[in-house]
Amino acid sequence: MDSIYIHIILLALIIISSIFAVSYARVIRGAIILGIVSMLVSISLFLLSCPLAGIFELSVCSGLITVIFISVISLTLPPDEKQRKVNSVSMMKKMVLLVLLVLVCGFSLYMLDSKNITFVPLMQNVQESIDTRDNIWNLRHVDLIGQALILLTGLFAVVVLFKKDKNKDKK
Amino acid sequence: MSVENILLFKLYIIATPVLFLVGIYAIMTTRNIIATIIGIEIMTKGVTLLLASCGYFNGRPEMAQSFIIIMIVVEVVILTISAGLIFNIVKKHDSLDTRNIRNLKG
Amino acid sequence: MSFSLAVLIPLFLVLFFNLPFYRISGKIAVFIASLFCIVQAFSFFLPVNATCPAVQNLVSYFMLDFQCDGISRLMLLTSAIVAFASILVLYAMEDSDRKQFNFVNLILLSLAGMNGLFFVRDIFSVYVFIEVIAATSYILIAINKDKNALEASFKYLVMSSVATVMMLSSIAILFLVAGGTDFVTVSNMYQQYGGNSLVTAAVVLFIVGLFIKGGVMPFHGWLPDSYLAAPAPVSVYLAGMVTKTTGIYTLIRLFYSVFGFNTAIQSILLIFASISIVLGAFAAINQNNFKRMLAYSSISQVGYIVLGFGAGTTFGVAAAIFHLFNHSVFKSLLFVNSAALEKQVNVSDMSEMGGLASKMPVTSTTSVIAFLSTAGIPPLSGFWSKLMIILALWTADLKVYAVIAILASILTMTYFLIMQKKVFFGRLKEGFENVKEAPLAITFVSILLCAITVVVGLLFPFVLNGLINSAVSF
C-alpha cells in the first residue's frame, strides 16, 4: 500500500469517466471511454495485488471488448441527425434519475464518514500464497469445465446469430 | 486492520453501488441499444473492483484473481451474444432505437 | 463420482458433433441426444455409487469435486425428462437440418450446465453454471431471428445481467467474510456472522438476483415475453427447466445447504411468494394468448414452490422439491400441447380457437389432466405436492400463508377452466374442420408426460418414501 490518495484518485476517475461513457449521445465515444474505464480498473487491480487479473482486464476488456463494440457500431447503421434528436430522452426523466444518483452518492459519502457501521471482523492471517495459475488449475477445475461450456456456447452464438440465413435470401 | 485500510475498504465497497447505479441509470434513460450494453459493462466493472478488493482485504488475492479471470471470460461471451442480438435487431428495424423493441409488454 | 459423467458426456458429445472431419446430420444428433436423455433419466434408478472401475478411473482424471445428494438426483431426472420432451418437439416442429443440429448442440450445452449446477458445492461455481444456462437460453430464444424473439431475448439478457451483477456482488461479500467460497466455509461463516448487516445485505442481494432469474412476480417482466416469443421447443425447455433451475433450484440449494433459515429471510420469501401466487393467477385470468396464460400460470406456480420452502422446515423443502418436479412435468406437458396447437392450428389467440377436443383428442385429454394436476385435484401428482406445501406451512405455524395457498388454488382452477372452455370444448369454430391430431412425436411426448403425472399421483405413498424422503434426509 503506497498511499491512500492514489486509490481515491483512481476511484474518482473511474466513476467520473463511467458517467461520461454513459452520457454521450454518440455511442462510439461511449465505447472508447468504456475502454478507458477498463484501463483504470486494471491499474486499480494491479494496486490491489491482482496483477494477472489486471493484465486480463487490460487485454480483454479494454482491448477485445472495445473492438467488439466498435465493430458492432460500424456494422450497424450510424444514426443520422434526425434520429439522434429523437434519441434524446425527455429531460424530466433524466433529471429525476440524476437527482436520485446524486442523492445516493451523497448518502454513500455520509456512510463513509460515519463510524458506526458494524464491519465484519476480517481475518488477519494471510494464507501462504498459492500461485494464481496453480489455484485455477488445481482448485477450480469445476469452473474450468464451466468455462469450456460457455466458450462453446459463444461459438454457437457466432454460428447462429451472425450467419446469414440462406433460405431467407432466396425468398 | 489499520485505520487507513478500513477507510480504503469503505471506499471500495461504496464505489461498487455507485457504479451499479450509473449502469442502471444508463439502462433506464438511454434510447440506444448499444448504450444499454455499455451500462451493463459498467456494472460489471464495479463488481470486478469489489471482487479484487475483497480478495485484497481478506488476504486471498490469488483466489480473487482466479475469480476475476473466469468472470471476464463469461463476460466476453455474454457480450458476444448481445452483439449478435443487436446486430440482428438493427437488421430487422434499421435503427438503434430501443422503442422499437417495446412491442411485448410483460 | 460416476455422476460427473452427466456433465462430461454432453460436453464431449458437443465436441464430437463439431469435429471438422465430418458432418453430422441433424437427425443423428437428435437421436444421440435423446438417447443420452433416456440414459440420464434411467440413471436415477441406479444407486449413487454404482460404477465400474474403468469409468471411475476415467472420471477421476478430471478431479471434479462434485457431490451428489437426493435433491440433485431428483433434479437430474427432471432435467432429463424435460430435455427429452423438448428435443422430440423440436424433431416434430423443425424441418431445417442445420437448425436441428444447432438446437441440439445448444440443448446439450445447457443440459451440461444444468447438471453441473446440480452437483457443484461452491457459490462461485454456481454463478458460472448459471451463466452457462443463461447464455444458451439467450441464443435458443433468438434462434429463429424473428422480431419478437430477438426483443424478448434482449430483454432477458439485460434483466439477467443485472441479476448476475447482484449475485456476484453478494458472492464477493460472502467471499470477503468467509475467506472461501465453498458451501461448508460460507455456511460456517454465516453461523458466526449471520447478524452482521453487510452479510445480511449480501444474502438479500443474492435472493433478489435469483428472484429475477426465476421470474418471481415483481421481477417477472421478461418471462412472459420470452415464453411467448421463443420457438415452441424452446418454450417447453425454458418453462419446464431453465427458470426453475437457475432461479428456484439454486434458491432452495442455497438455503438448504448454506444459509439455513431465519425468520427475517423467511418472511421475505413468503411475502414475495404470496404476491407471485395471487398476482400471477389474476394476470393469467386476463390473458387471451395461450402461451402467455401458461407463462403467468408458471409464475404463480413458482410462487407455490417458494412458499413451500419458505416454511423453513425439512418437510417444506421436500414439498418444494416435489412440487418443482411435478410442475416441470405438467408445465412442459402444457407447453408441448401449445406446440401441438401451434403446429396444427397455427393460431395462438384463445378466442379464435374452440371445439378442438373432437379433432385433437390426445392433446385435449392430456391438457385436461395437466390442468387438473396444476389445480390440485386429488389423485394426480399436483394435488399431493400442494397438500405437502400447505401441510408444511400449517405445521410451521404460518396459517395465513396456508390459507392464501388454498384460496389461490381456486384461481388456478378458474383460469384453466376458461382456457379449456375456449380452446377445446364448445362448438367447433369455422375453418378447423380439417385439423388433424399432432404428429406422432408430439403425441408420444404428451402421453409420456401425462403418464408420469398420473403414475406419480397414484403411487404417491411409494414416491414419498422412495424419492422425496430419501432426497431430503441424507
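This is a predicted model: local features need pLDDT of at least 70, side-chain atom pairs count only at pLDDT 80 or more; totals for chains, interfaces and linings use all residues.
## Confidence in chain A

Confidence in chain A is lowest in helix α8 (residues 166-170), where the mean is 49. At the other end, helix α2 (residues 27-47) of chain A is where confidence is highest, at 89.

## Where chain A meets chain B

Chain A puts 71 residues in contact with 65 residues of chain B. A whole run of helices in chain A joins in: α1 (4-23), α2, α3 (51-75), α4 (81-87), α5 (91-113), α6 (132-139) and α7 (141-162) each supply at least two residues to the side that touches chain B. The largest share comes from α3(A), with twelve residues.

What kinds of residues does chain A bring to the side that touches chain B? They split into 48 nonpolar, 17 polar and six charged.

## Where chain C meets chain B

Chain B also has a contact with chain C, made by 31 residues from chain C and 29 residues from chain B. On the chain C side, the helices giving two or more residues are α6 (123-141), α7 (147-178) and α10 (223-229) of chain C. Of the elements on that side, α7(C) gives the most, with 17 residues. By class, the side of chain C that touches chain B holds 20 nonpolar, six polar and five charged residues.

## The build of chain C

Now for chain C itself. Its secondary structure comes to 19 helices and zero strands. The radius of gyration of chain C is 21 Å, close to the 23 Å that the globule rule gives for 474 residues, so chain C is as compact as a globular protein of that length. Along its principal axes, the C-alpha trace of chain C spans about 70 × 60 × 45 Å.

How much of chain C is buried? Buried residues make up 62% of its 474 residues. As for contacts in chain C with a separation of 6 or more, 82% of them are between residues 24 or more positions apart.

## A closer look at α14 of chain C

Helix α14 (residues 314-344) of chain C has 31 residues. From its first C-alpha to its last, α14(C) reaches 45 Å, close to the 45 Å expected at 1.5 Å a residue. Of the 31 residues of α14(C), 28 are buried, so this helix is largely enclosed by the rest of the structure. Just after α14(C) comes Asn346(C), which takes a positive phi of about 60 degrees.

Methods:
Residues are numbered from 1 along each chain as its sequence is written. Chains are lettered from A and ligands numbered from 1 in the order in which they are written. Two residues are in contact if their C-beta atoms, placed from the backbone, lie within 7 Å. Helices (H or I, at least four residues) and strands (E, at least two) are DSSP runs, numbered from the N terminus. Ala, Val, Leu, Ile, Met, Phe, Trp, Tyr, Cys and Pro count as nonpolar, Asp, Glu, Lys and Arg as charged, and the others, Gly among them, as polar. pLDDT is the predictor's confidence in each residue, from 0 to 100. The radius of gyration is taken over C-alpha atoms; the globule rule is 2.2 Å times the number of residues to the power 0.38. A residue is buried if 20 or more other C-beta atoms lie within 10 Å of its own, exposed if 12 or fewer, and partly exposed in between; C-beta atoms are placed from the backbone. The expected span of a helix is 1.5 Å times one less than its number of residues.
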